[in-house]
Amino acid sequence: MSRTARLALFAGSGLVLAALLVWGLTGLPAFGDFQGEYGWILNDVAGSERHVTNVVSAIVFDYRGFDTLGEEFILFAAVMAVALLLREARDERERPRDEVRSEAVRAVGLSLVGPTVVLGLFVIAHGYLTPGGGFQGGIPTAAGLLLIYAAGRYRAYRAASPQWLLDAAEGVGVAAIVAVGIAALLAGGLFLENVVDLGTKGTLASSGTIAILNTATGLAVTAAVVLLCHEFIEEVMYPE
Amino acid sequence: MSFLPYALAAWLFFVGLYGIVTSRHFVHLVICLGVTQSSTYVLLLAIGYRTGKKAPIFTSGVPVKVGAVDPVVQALTLTDIVVGVTVAALLLALVIEIWKRAGTVDPDELRRNRT
Amino acid sequence: MTLVPLVVAVPLLAAAVLAAFGHFAPSRLDNAVAIAVTAAVTVISTVLVFRSSDETIHYWFGGWRPRSGIAIGISFSVDPLVASIAALVGALATAALIVSWDYFAERVPPYFHVLVLVFVGAMVGFVLSSDLFNMFVFFELMSVPAYALTGYRIEQQSALQGAINFAVVNSIGAFMLLTGIGLLYGRTGALNLAQIGQVLSRGPADGLVIVAFTLICAGFLTKAGAIPFHFWLSDAYAVAPAPVCILFAGVMSDLGVHGVGRVYWDAFSGVFARHAAAVTGVFVAVGLATALFGALLAFVQAGLKRMLAFIVISHVGVFLAAIGLLDALGLAGATLLVVADGFAKGAVFCAVASLARRTGHTDELAAHGLGRQLPVTRVLFAVGGVALAVLPPLAILGGHAWLRATFVVTSALTGAAVLRAGARIFLGFGPKRDPLLVAPPRGEEAEVPPTPRAGALLWTPGVLLLAAGLAVAFAPGLAQRAADQAARAVDRPALAAETLHGVPAPPREAGGLSPVRYAYGAAAGLLAVSLAALGLYRRRIPGLVERPLDCLKLLHDGVVGDYVAWLTAGTAVLGVLFAFLLRDGP
């Protein structure tokens, strides 16, 4: 099809579809008036049943924990997929260059590595208490590692995050989530059922399996983000 | 006024689609796909909002009875965001490879190469 | 009962462990582990077929059973119909991995097997899940490995392009699905399908319900490849490595239609009860158009993989129409078709893999006479071709005579395309040139370097798959049992009560089946052979056919913007039809 024909087809059908979508959206409860029972029930019971203060984490890692198992594997599959697609042997001499020339940038950037990683670990660790969790905290943790490259040296960054360690962390992180599910089966429960002590609500030692799944997620997400960025960093092309 | 967040979701959906249909550059196309996907974030979060209620985090001292917004849509949005990141990463990897083979990232240009 | 989560958990766990430690293992070990795991999935799913035959298994993850009728967790609902599709996934994956042992000339990176295992776990999860958002998660989880496996041959531009088109179009389909899920959640406050169905059936079929249904159908039909959502499919299947195509063609597309069926029955059958005839009308119309269109385009392809891609589209149409009959016989026939036909399509792809490995060609004209040295592959191809013609009309258990007669013609055309190509390649029949046939785009067909020894590992899985397909199609009494199970599966109020309140659903029996289906099957087989002969030895192309065909071919131009425009148009048309046909009066 020519661009004009394509645009005409899209314009016509898009307007019809937009009208339909608006028609459907007007059937929703008015903004701010939602009364869904599912959310009400979970807000009421999650705290006492799962000893968490962050209900979203209880949903993510327990009530709908099986969704999260799938979600982790989506991220995992993407890492495998990108590694498969960018598998072409690279020229060893074409290593990514260290671009930072300014001492000030280097000093400030590198001094942020530690705090960023600590922040990430903090957000992971408190996932069932305050806003945060394995997904949210995995990103800053990975960002801290990537700062070593961005502000410093490629070699140092690779030494801090060797390939075998990342692969193992990624695989172990997602495998741990399935393993927790299977452990519940072995303990006589249903898949992903909580079979460990719930601890004291409001402390780090609380929420049972949620804490384990949350930590495993943090590990898997950190490794996944570093691995993804790593594949793309290696692809940097320099003009002749 | 109360329809505005839903209208925003519809707008994002179609403006993203328009970008995809008319795109001349695959990286631009991947970003537009992200715009279309943001519409689903907005829609889900807007559905679960309850006027005057707080976030579903009940730290000590806050009585449960105050009530909170719907926590389920927030969990769904989290999943949705992960999906968005992964598809973007995958597509960009494909775009890098196609740039290496074909020397172009314009969908229309690729058609001319093909026949 | 404990087996239910394992069908998903075991392949995913194996994938994770292979990814973590696979680099330290010898290269063939990955493949062997993957084969063992997919074989285990097949066995567990088959056990579940029998375990669930008296009573549907509802498995609540995390032990979160419904409270006073409100679902707070995620459940799988396993009955023999869905468990048999899970078994099909496992069997096809096992075959694909065995074929890949000898198929690839180079050392296959471990990521390949990891992705296949994730793909298998995701497809099984999608089939068994009875939670709408969980279905979306598995929909995406089967998409990501599929995009990557499509682009496996990174040195081919067409493979990369096919993967991009696949990823973009399917992602938009997924967003539509998710928007539909959001609308339903806003209305019902539920994600469990049975509960959504209960809440919806208390209210009218208004704009929200109709638009949500449209968007969900569009999302699933994109995966299925119904027209006009199918454009990505022929681009992707034509470039994916042949072992991967066994999984794509054998079952992935059919899962899209399964999604439509599951969501209609569980969530919408109550609210649309008064308009069931209209829903049938739309599904049968789309199904017929898809079946006819796919069959015609399959018949004019010279590239075997593109030909099989259009055969997949054509058979998806038959499947959609069968589901669209919206009765127990339709559902039973559709399931029977998915399983038997899935095995047959997988078998034909094994034959294509064997041919490609031995001759380096999968182009009917280029490979003219080259397959004479392949005795088993030849028989596999011929019997597979006949099976593709015979199985769809044989498996359809209900519907009007005219509908079944139309499917006799479309599936005969698909079988004829395979038989004609087989006669050219394996027997050297017919001319070496044919103006009717479309040559595959440049660089699309050269896939693996030819090797003089074509291992038995390439065709043995094909023979077994074909035998399994024929056994399912002809096993005495199996169709009747499927019909009885389907009668239970379409009794939605009883099943919703069972899911949410634990009240056991009563057993049901469908009426007796008419043996007329064997006559339809035989007619399709004979017609296929005649059409294949006509395709080989006809002198001129009728002008009446040539023009429209040229236009159709031109539309498949590989430009993703076009495909997205068609997706928008298809969804709009579907939505307008539903808006007029399904709305409750004031």
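**Notebook: strands, helices and the core**

I started with strand β2 (residues 75-78) of chain C and found both of its faces covered: Ser75(C) and Ser77(C) on one side, and Phe76(C) and Val78(C) on the other, are all buried. Buried here means that 20 or more other C-beta atoms lie within 10 Å of the residue's own, with 12 or fewer for exposed, partly exposed in between, and C-beta atoms placed from the backbone. Strands (E, at least two residues) and helices (H or I, at least four) are DSSP runs, numbered from the N terminus.

A note on what I am reading: this is a predicted model, where local features need pLDDT of at least 70, side-chain atom pairs count only at pLDDT 80 or more, and totals for chains, interfaces and linings use all residues. Residues are numbered from 1 along each chain as its sequence is written, while chains are lettered from A and ligands numbered from 1 in the order in which they are written.

Next I looked up the partner of β2(C). Strand β1 (residues 57-60) of chain C is joined to β2(C) by four bridges, and the two run antiparallel; pairing takes at least two DSSP bridges. Tyr59(C) stands opposite Phe76(C).

Then I turned to helix α6 (residues 157-188) of chain C. Its 32 residues should span 46 Å at 1.5 Å a residue, and its end C-alpha atoms are 46 Å apart, which agrees. (The expected span is 1.5 Å times one less than the number of residues.) I found 32 of the 32 residues of α6(C) buried, so the helix is largely enclosed by the rest of the structure. Just after α6(C), Gly189(C) takes a positive phi of about 65°.

On to the largest nonpolar core, which has 359 residues; Leu90(B) and Cys350(C) are among those with the most contacts inside it. Such a core is a set of buried Ala, Val, Leu, Ile, Met, Phe, Trp, Tyr and Cys residues joined through C-beta atoms within 7 Å. Leaving out residues up to four places away in sequence, Leu90(B) touches residues including Ala81(A), Val144(C) and Tyr147(C). Contact means C-beta atoms, placed from the backbone, within 7 Å.

Which helix holds Gly462(C)? I found Gly462(C) in α16 (residues 456-474) of chain C. With 30 C-beta neighbours inside 10 Å, Gly462(C) counts as buried. Beyond its neighbours within four places in sequence, Gly462(C) is in contact with Ala347(C), Cys350(C), Ala351(C) and Leu380(C).

Last, I checked chain A against chain B: the contact takes 42 residues from chain A and 39 residues from chain B.

Methods:
Two residues are in contact if their C-beta atoms, placed from the backbone, lie within 7 Å.
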